[in-house]
Amino acid sequence: MCFESTIDGRSEGELWRADMLSQVLEYARSQRERYVQDLLEYLAIPSVSAQPDHARDVKMAALWLADYLRAAGLRAELIATPGHPLVYAEWSGHDHHRPTVLIYGHYDVQPAEPFELWQSDPFKPVVRDGYIYARGASDNKGQHLAHVNAVASYLRCEGTLPVNVKFLLEGEEEIGSPNLGSFIAQHRDLLACDCVMISDGSLRSLAQPVLTYGLRGLAGFEVHVRCLAHDVHSGHYGGNVQNPALALAQILAALKDAAGRVTVPGFYDDVRTLSAEERQSLARIPYSEADLVRETGALAAFGEPEFTISERRGARPTLEVNGMWSGYTGPGSKTIIPATAHAKITCRLVPHQEPMKVIQQVQAAMRAAAPAGVEISFSDERGSPASLIALDAAEVQAAIRAAQHTYGNPPLYELEGGSIPIVHDFQTQLGKPIILLGFGLPEDNIHAPNERFALSCYEKGMEASIRFLAEL
Ligand code: BES
Ligand code: MN
């Protein structure tokens, strides 16, 4: 049956869509094995964007993805940037009144170190007990491949899609999307759409989908403390010079109090207060301290006492040390006073906080906390603002229905603590509704050893995507 030739467009069109939907879902299920094999092949490419040694692998992943999109029936191309390439693809039918959805994802992955904590090689993907184990399995290759497979299933099964589709898949998300913002600003026509769909997060469980209506932003930099021209003998000079590792510890320790509050002057100035309704809605998320402990192995929860875990995660800013190095860390002992000490610092930001303002505040507080005899300097400042997303758009409602049909329950509304820096640019440059519907699980170990993606999440992700395109 052909949509264009129906006499009573509405009812027959609806019948046709329901029929097409079940056929496409059936087809996707029948291709299960093949789609798993495809994902395993994709995950074997170590597209670590942060590490220059992997630049060629990042390119390989982009080429693989473009080929895959072409095989699915889309027009696809690589677009060069000053960094890693973008993969852009589209499919459009003859009916220009149909909505267009832009699906965003990232084909780069986090570094896999420390390798020794992986039960199997992060870039030799394996299926164990219903999970695919590999770096990038959940964040984000498995999730955006589910969307590509949904589109492929429509095109292979029906030769058409219910809506127009564009894919924008980048290779620099895990390094803060340094080149995508300007690309979006310069290519608003190419990216014109009715909504942006992003699956780069998690469900609460396979029976409980989550619609994310906020993401935190990020403000980061490195700090360098120097006390000496070079490392010196810790006996001959110890007691007469400042130790940079200790000085750095002192500086960092001054940034947070024992209860977990950031003590940097002005840090909370622009943070919005939560309304009673929003606190109530966030309290609906079934997430306890026990869940937190189970997922992380933390000895206890730690954070601002006057906020719940969900509030701390999504509505409160943080300051964290991501790494510190100084002196000798090899085997045995080396009795030195190191010349320098360094740390990587990032703050997670909430809506209305400006990354550069926060960086200045934190750096000023660190200068103020530096003891005498210490030279302190900073580098690699970068940031992206938080986003807050309205849920009333028709496209968002389509995603809510798709999630409900796929997972059996309507989604909860959550503020996510992680960041997808480009979401803010999509909002300001394209001005269209953004849908954040994650396909992974909280225990996927993203950014950690033994990252994994459940086969059932992959299948449900395809189903949710197929249903979403139909609902649109
Ligand atoms: N997929 C994550 C964001 C995320 C994390 C969503 C946790 C839901 C739950 C994304 O790939 C990511 O890790 N983003 C980075 C961005 C940074 C490197 C600029 C992040 O949040 O650290
Ligand atoms: Mn990530």
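1. A residue counts as near a molecule or strand if one of its heavy atoms lies within 4 Å of it. By that rule, 15 residues surround ligand 1, and the closest are Glu-173, Asp-200, Arg-348, Ser-419 and His-447.

2. A word on what you are looking at: this is a predicted model, in which local features need pLDDT of at least 70 and side-chain atom pairs count only at pLDDT 80 or more, while totals for chains, interfaces and linings use all residues. Residues are numbered from 1 along each chain as its sequence is written, chains are lettered from A and ligands numbered from 1 in the order in which they are written, and side-chain values use heavy atoms, leaving out hydrogens and water.

3. Back to the ligand shell, which divides into three nonpolar, six polar and six charged residues. Here Ala, Val, Leu, Ile, Met, Phe, Trp, Tyr, Cys and Pro count as nonpolar, Asp, Glu, Lys and Arg as charged, and the others, Gly among them, as polar.

4. A polar side-chain atom of Glu-173 is 2.8 Å from one, an N or O atom in the side chain of Glu-174 is 3.1 Å from one, and for Arg-348 the distance is 2.7 Å. The protein covers 86% of the 510 Å² of accessible area (Shrake-Rupley method, 1.4 Å probe) that ligand 1 has on its own.

5. Next, a helix pair (helices being DSSP runs of H or I, at least four residues, and strands runs of E, at least two, numbered from the N terminus). The axes of helix 2 (residues 32–43) and helix 3 (residues 55–71) come within 11 Å and cross at roughly 155°, which means that helix 2 is roughly antiparallel to helix 3 (angles over 145 degrees, between N-to-C directions). In contact (heavy atoms within 4.5 Å) are Tyr-35, Asp-38, Glu-41 and Tyr-42 of helix 2 with Ala-61, Trp-64, Leu-65 and Tyr-68 of helix 3. These residues divide into six nonpolar, no polar and two charged.

6. Finally, some backbone spots to check. Most peptide bonds are trans, and most residues other than glycine have a negative phi. A cis bond joins Glu-113 and Pro-114, with omega about -5°; Pro-114 sits in the loop between strand 3 (100–106) and strand 4 (126–128). The bond from Asp-139 to Asn-140 is cis too, with omega near 5°, and Asn-140 is in helix 4 (residues 137–158).

Note on methods: Axes are lines fitted to C-alpha atoms, for helices over the stretch in contact, and angles run from 0 to 180 degrees between N-to-C directions. Angles under 35 degrees count as roughly parallel, over 145 as roughly antiparallel, 65 to 115 as roughly perpendicular and the rest as oblique. A polar contact is a pair of N or O atoms within 3.5 Å; within protein, one must be able to donate a hydrogen and the other to accept it, and residues adjacent in sequence count only if both atoms are side-chain atoms.
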